Amino acid sequence: MVNVGILGATGMVGQRFIQLLEDHPKFEITALTASQRSAGKKYQDAVTWHMDTPIPEAVQDTVVVDTDPSHVKDVEIVFSALPAENALIAEPKFAEAGMKVASNASAMRMEPDVPLVIPEVNPEHLDLIETQQKNRGWDGFIVTNPNCSTIALVLTLKPIYDQYDINRVYVSTMQAVSGAGYNGVPSMAMLDNLVPFIGGEEEKMEEETLYLLGDFDGENVEPATFGVSTSCHRVPVVDGHTEAVFMEMDEEFDLEDIKKSLQNFQALPQKLNLFSAPEHPVIVREEDNRPQPRMDRMMGKGMAVTVGRLRQDATFPQSLKYVLLGHNTVRGAAGASILNAELIAEIM
């Protein structure tokens, strides 16, 4: 078993890490960190638990420590659920102390020597770890996963991008409130309402999408060159980000070929049979009214993205339209970091 810790263990994403790691065959939680006001308390006393399953017995009595590497002993991997401003300070300290940091935070995502990885999409970017360690003099390292809405989008773009030349992608998101954290959006702002703006989200989606699909030459990533334009919105759904995608190809395409590419898409995590990897990363539904958050967010135990309403645009025949749904705190957050760590443990 590999001893792991969770940084920011009392927050929503930290709780999801704990839930997903319960009974994991390779990872055992041996350290939990949080703010100084929680340090010294048993986890069950420090946390306000929001998951739909009980706090795992294995961590209930674990004493929470301050988020500092000097307080985290005999741990090989730490999962970071820290807010970006805290992650920017804390994560390099853990990497410098020799630990492998699998981060869900945005702070280090676009650093040129920090891998930004979706295991099914760009596992070769993990080779940046060697550059990172050389540049920074660290014994450990930081690997990040993308923004929650980006992950769901790029998992569906990858099999299409491998087959066709894409000119432009337009995306309109309908994002769940859990993406903002438990206290992130007041109930009076969401009930009977929709908020047509999420700060920084559109910029993250546009930049990260092209970076993830970029070419890696062993030292640097050259981002993909097609256009990406996004509009992001918060809707009164608890979990599950829905996205309407409009894609303009450089050539005419066969819709059935697109469907088959999505349905048959498998990659390195599936070949390695990693514990958290869904058998099918993308699931295609034929019904006109799917996907829906309540029905489809837990497909593949929350690690698969569901696609529906695949159709060729009647006015612009070189354009493809579809709707996707991904679980934002499983595949889009904690589950993404865990899958990154599983891949690292398997191949490095």
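Visitor: How much space lies in the second largest cavity?
Guide: This is a predicted model, where local features need pLDDT of at least 70 and side-chain atom pairs count only at 80 or more, while totals for chains, interfaces and linings use all residues. Residues are numbered from 1 along each chain as its sequence is written, and side-chain values use heavy atoms, without hydrogens and water. A cavity is a set of points on a 1 Å grid over the protein atoms alone where a 1.4 Å probe fits but cannot get out, and its volume is the space filled by probe spheres set on points joined across faces, edges and corners. For the second largest cavity that gives about 40 Å³.

Visitor: Which element gives the most to the lining of the second largest cavity?
Guide: Lining residues have an atom within 4 Å of a point, and here they are Ile77, Lys100, Val101, Ala102, Phe141, Ala341 and Ile344. Elements are DSSP runs numbered from the N terminus: helices (H or I, at least four residues) and strands (E, at least two). Helix 12 supplies at least two residues, but the most, 3 residues, come from strand 5.

Visitor: How many charged residues are in that lining?
Guide: Ala, Val, Leu, Ile, Met, Phe, Trp, Tyr, Cys and Pro count as nonpolar, Asp, Glu, Lys and Arg as charged, and the others, Gly among them, as polar. The lining of the second largest cavity has 6 nonpolar residues, no polar ones, and a charged count of 1.

Visitor: Which element gives the largest share of the lining of the largest cavity?
Guide: Cys148, Ile151, Ala152, His241 and Arg331 are among its lining residues. Helix 6 and helix 12 (330-347) each give two or more. The largest share, 3 residues, belongs to helix 6.

Methods: 1 Å grid on protein atoms, 1.4 Å probe; cavity = no way out; pocket = protein on both sides within 12 Å on 5 of 7 lines; lining within 4 Å.
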